[in-house]
Amino acid sequence: MMLLCLPSPLRPICDLRVLNHFIKEARDAEDAMKSCREGCSLSESVTVPQTTVDFEIWEKKNGSEQAQEVQSGLYLLQQALSLLRASVTNTALHSHIDNSLRNLLSINAVLRSLNIQEYTPPASAAELEGTWRVSTATDLLQVHVNFLRGKVHLLLSDAQACQQDVS
């Protein structure tokens, strides 16, 4: 007799301690960059997401608009951190940047666990709204921390899949 095993759907990952761990590691990378003296510059300016949140506007957006904004920001950060990784020669920073990139992939997995639709990046970053450019590695890593603390935290803490069913 043969048993068929169907893959079970991902259980939503609603524990914000996971995100807080990623924020701490992003801060560690930012601190390491601040103390770096050699081989730690960005080769060109990069497009990053705006990190400021106008709560009145954010609250008016539906869940999928909020998710789209977070996912486009994660995509931009992934592109920017990959460029930073390629331009930094300081090996101590490589592990911090690699960690940050892995954490962004993990955040995308968390979003999938919350039934948030897969993100399809545009042909060009210029097509994305709510972006700006940074030219230093320190600024990039500060944006990374602030984006996780702001919009990613808001999206995860309000995720529909994580709301307790109160009957």
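Contact here means heavy atoms within 4.5 Å. With that in hand I opened the file, a predicted model, and began with a serine.

**Entry 1: Ser 87**

I found Ser 87 in helix H3. Leaving out residues up to four places away in sequence, I listed what Ser 87 touches: Ser 41, Leu 42 and Ser 43. Is Ser 87 buried or exposed? Ser 87 is buried, because its relative accessible area is 18% and the cut-off for buried is under 20%.

Next I looked at the polar atoms. The side chain of Ser 87 comes to 3.2 Å from the backbone oxygen of Ser 41. A polar atom of that side chain also lies 3.4 Å from the backbone nitrogen of Ser 43.

I stayed with Leu 84 for a moment. Setting aside neighbours within four places in sequence, I noted its contacts as Met 33, Ser 41, Leu 42, Ile 97, Ala 137, Leu 140 and Leu 141. Ser 41 and Leu 42 had already turned up in my list for Ser 87.

**Entry 2: salt bridges**

How many salt bridges are there? I got a count of eight, and I went through some of them.

Lys 60 and Glu 56 pair through their side chains, with N to O at 3.9 Å. The two sit four residues apart in helix H2 (residues 55-60), so about one helical turn separates them. I have both Lys 60 and Glu 56 down as exposed.

Lys 61 bridges to Glu 69, and I read 2.2 Å between the closest N and O atoms. Lys 61 counts as partly exposed because its relative accessibility is 27%.

My last stop was Glu 118 with Arg 112, a salt bridge whose closest N and O atoms are 3.9 Å apart. Glu 118 is exposed, because its relative accessibility is 56%, and the cut-off for that is over 50%. Arg 112 comes out at 38%, so I wrote it down as partly exposed.

Technical notes:
Residues are numbered from 1 along each chain as its sequence is written. This is a predicted model: local features need pLDDT of at least 70, side-chain atom pairs count only at pLDDT 80 or more; totals for chains, interfaces and linings use all residues. Side-chain values use heavy atoms; hydrogens and water are left out. Buried means under 20% relative accessible area, exposed over 50%, partly exposed in between (1.4 Å probe, protein chains only). A polar contact is a pair of N or O atoms within 3.5 Å; within protein, one must be able to donate a hydrogen and the other to accept it, and residues adjacent in sequence count only if both atoms are side-chain atoms. A salt bridge is a side-chain nitrogen of Lys or Arg within 4 Å of a carboxyl oxygen of Asp or Glu.
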